[in-house]
Amino acid sequence: MTAQPFPISGIVASRRPHRKDAARNYDALLAAAREAFAEHGAEASLEDIARRAGVGIGTLYRNFPTRRHLFESVYADEVDALCQVALEVAEREPWEALTSWLRRFVDYTVTKRAIREALDNESEIFLTCRDSMYQAGGPLFERAQKAGEARADMDFDDLLRMVAGITSTNFLDDTQRDRVLTVALDGVRAAR
C-alpha cells in the first residue's frame with residue numbers, strides 16, 4: 001500500500017489549528033473528549049472535558065463551537081488514526097498486517113460506540129470517515145485473501161460487521177475481549 005492521503009485526513013488537517021499552542025490545546029481537548037466519551041458516553045460534561053485537557057471552557061468552545069462539532073472531530077481524528085495504522089502495517093506479512101489493523105479497529109469502535117447516537121450516519125463527515133476506513137483497511141483484507149491467508153467467501157464489510165458486533169458485547173476485561181476476537185479471526189483465516 002503506497003502512502004496516500006485519505007479523504008478524512010484533509011478534513012482533520014483543516015480543523016487543526018496551525019499555531020503550536022493552539023494545536024496543543026486542540027489535541028489535549030480531543031484526547032480528553034475521547035476519554036470522557038469512553039467513560040460517560042455522549043452525555044459527558046463539556047466542563048469535565050475542558051478540565052481534563054487543562055484548558056478553560058472558552059478554549060473548548062473556541063475549538064468546538066457545538067457538542068456535535070466536538071463529536072465529529074473526535075470521530076474524524078479516530079478514523080484518521082485508524083487509516084494511518086493501515087499505512088504503518090502495510091508492509092508486514094498479509095495476515096499480520098490485517099490483524100494488526102483490526103486490533104486498532106477494535107479500539108476505534110470503543111470511541112464510536114460512545115458517541116454513536118450523536119453521529120448522523122448521513123452527514124458528510126460520517127460518510128467521509130466510512131469511505132476512508134474502507135480505503136485503508138479494504139486493501140489489507142484483499143491482500144490477505146490473495147495470499148490465501150483470509151477466507152475468500154467473505155468481503156471486507158462482512159469482516160468489519162463481525163468485529164464490530166463482537167466489540168459491542170460487554171466483556172469481563174480486555175483480555176477476554178482479545179481472546180474472543182482471536183477465536184473469531186481464526187474463523188476468518190483460510191484453511192491451510
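Me: In this predicted model, which residues of α8 are buried?
Reply: Buried here means under 20% relative accessible area. Going along α8, the residues that qualify are Phe 156, Leu 159, Leu 160, Val 163, Ile 166 and Thr 167.

Me: Within what arc do the buried residues of α8 fall, seen down the axis?
Reply: Look down the axis of α8 and you'll see its buried residues line one face of the helix. That's because they fall within an arc of 130 degrees.

Me: OK, and which helices do the buried residues of α8 pack against?
Reply: Contact here takes heavy atoms within 4.5 Å. With that cut-off, the buried residues of α8 pack against α6 (94–115), α7 (124–146) and α9 (174–188).

Me: How far apart are the end C-alpha atoms of α8?
Reply: Helix α8 covers residues 156–167, so that's 12 residues. At 1.5 Å a residue, they should span 16 Å. The model agrees with that, as the end C-alpha atoms are 17 Å apart.

Me: Switching to cysteines: why is Cys 83 in no disulfide?
Reply: A disulfide takes a pair of cysteine sulfur atoms within 2.5 Å. The closest cysteine sulfur to that of Cys 129 is in Cys 83, and that's too far for a bond. For Cys 83, too, the nearest cysteine sulfur is that of Cys 129, at 8.0 Å.

Me: Are Cys 83 and Cys 129 buried or exposed?
Reply: Cys 83 has a relative accessible area of 0%, so it's buried. Cys 129 also comes out at 0%, which means buried.

Definitions and conventions:
Residues are numbered from 1 along each chain as its sequence is written. This is a predicted model: local features need pLDDT of at least 70, side-chain atom pairs count only at pLDDT 80 or more; totals for chains, interfaces and linings use all residues. Side-chain values use heavy atoms; hydrogens and water are left out. Buried means under 20% relative accessible area, exposed over 50%, partly exposed in between (1.4 Å probe, protein chains only). Helices (H or I, at least four residues) and strands (E, at least two) are DSSP runs, numbered from the N terminus. The expected span of a helix is 1.5 Å times one less than its number of residues. The arc is that of the directions from the helix axis to the C-beta atoms.
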